[in-house]
Amino acid sequence: TDAARMLEQNSFEGLRHIALQAEMLLNNTEEQEAVNINDMADRKKDEILKKMNHDGLIGISTGLPELDDIVGGWLPGEELVTIVGRVNQGKSWLLQKFLTEANKQGKRVLLYSGEMSELQVAYRNDTLGSNFSNRQLMRGTITEADFDKYVEYLEQQKNEAPFIVVTPKHLGNKYLTVSMLKVLIKKYKPDIVGIDQLSLMDDERKGGVKRLELANITAGLFNLSEQFHIPILADAQANRNTAKADN
């Protein structure tokens, strides 16, 4: 009934409503057999042999050697990493640092930017990728000598793996949902996904309470990581109560 009403007003919104409801229904009714880990001998041996025969990191390098040594890079599949911090502590910068480093390794990147425009993200990528001053790029105060180097750098960028940025503007001025992200992953086939930030996503299950909404969203993101075998990195803002508890 809701879809029929929407279809009269906007066919695209009506069809998207049907697709989202169908996806939610499937997610709530799908069942899979549990696993007896004592029967996984062959699988465990194959996994270890694959790792033994692999040179270097198994996952995508974080760009920070000390962190790579601890986590082994961002691992493909079943990898949902959340960067938590208070306001203006650099969460978005750190997230983009990880994504820029992945892109420099030839990995396809998909970033949902809930606040920043694609141009702001692009300038940050240039700063992190080749040390150009972000302030100068944003304000247009770059020197002529550096501008010539910047133009040369931009030409080289054209040959690099895609770094796809999606904002609410590209989604019809709507916040991203897990189902929307699934469509984007199928379309752009990224090797790694970034979410900036979790509070700027919509919960399709309508948890009502922020804690439940975030739980629904993160559960959905983890399922996507597992389904598409790609790491998903997200940042989230700690609330004021968390800040007081830390102090």
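Is serine 179 buried or exposed? Serine 179 counts as buried, because its relative accessibility is 11%. Buried means under 20% relative accessible area, exposed means over 50%, and partly exposed lies in between, with a 1.4 Å probe and protein chains only.

The model is predicted, so local features need pLDDT of at least 70 and side-chain atom pairs count only at pLDDT 80 or more, while totals for chains, interfaces and linings use all residues. Residues are numbered from 1 along each chain as its sequence is written, and side-chain values use heavy atoms, with hydrogens and water left out.

The protein chain was examined as a whole. It holds 11 helices and five strands. These elements are DSSP runs, numbered from the N terminus: helices are H or I with at least four residues, and strands are E with at least two. Along its principal axes, the C-alpha trace spans about 60 × 55 × 45 Å. Of the 247 residues in the chain, 36% are buried. The accessible surface comes to about 15700 Å², and carbon and sulfur atoms account for 50% of this surface. Accessible areas come from the Shrake-Rupley method with a 1.4 Å probe; for residues, only the protein chains shown count as cover. Contacts were also counted, a contact being heavy atoms within 4.5 Å. Among contacts between residues at least 6 apart in sequence, 70% join residues at least 24 apart.

Strand β5 was considered next. It covers residues 232-237, and five of these six residues are buried, so the strand is largely enclosed by the rest of the structure. Two strands pair if DSSP finds at least two bridges between them. Strand β1 (residues 80-85) runs parallel to β5, and six bridges join the two. Here glycine 85 stands opposite glutamine 237 of β5. Strand β4 (residues 192-196) also runs parallel to β5, with four bridges between them. In this pairing, valine 193 has isoleucine 232 as its bridge partner in β5. From β4 the chain passes through helix α10 (residues 210-228) to β5, in a right-handed β-α-β crossover. Right-handed has a set meaning: with the strands pointing away from the viewer, the path from the first strand over the helix to the second runs clockwise.

Helix α9 spans residues 178-188 and includes serine 179. Leaving out residues up to four places away in sequence, serine 179 touches Leu20, Glu23 and Glu204. Valine 178 lies in helix α9 too. Valine 178 is buried, with a relative accessible area of 14%. Its contacts beyond four places in sequence are Met201, Glu204, Ile217, Gly220, Leu221 and Leu224. Valine 178 and asparagine 223 are 45 residues apart along the chain, and their C-alpha atoms are separated by 9.6 Å.

Side chains of opposite charge can pair when their charged atoms come close. A salt bridge requires a side-chain nitrogen of Lys or Arg within 4 Å of a carboxyl oxygen of Asp or Glu. Eight salt bridges are found in the whole structure. One of them joins aspartate 42 to lysine 45, with the closest N and O atoms 3.7 Å apart. Both residues lie in helix α3 (residues 41-52), three residues apart, which is about one turn of the helix. Aspartate 42 is exposed, at 53% relative accessible area.

Another salt bridge links glutamate 118 with lysine 169, at 2.9 Å between the closest N and O atoms. Glutamate 118 sits in helix α6 (residues 118-130), whereas lysine 169 is in the loop between β3 (163-166) and α9, so the pair ties together parts that are 51 residues apart in sequence. Glutamate 118 is partly exposed, with a relative accessible area of 31%.

In helix α10, glutamate 213 and lysine 210 are three residues apart, about one helical turn. Their side chains meet in a salt bridge of 3.9 Å, N to O. Glutamate 213 is partly exposed at 22% relative accessible area, and lysine 210 is partly exposed at 42%. A network of salt bridges links Lys97, Glu101 and Lys104.

The surface also carries a nonpolar patch of about 270 Å², made by Leu7, Leu15 and Ile18. Patches are made of residues with over 30% relative accessible area and no salt bridge; like charges are joined within 9 Å, and nonpolar side chains (Val, Leu, Ile, Met, Phe, Trp, Tyr) within 5 Å. Leucine 7 belongs to helix α1 (residues 2-9). Leucine 7 counts as partly exposed, because its relative accessibility is 37%.
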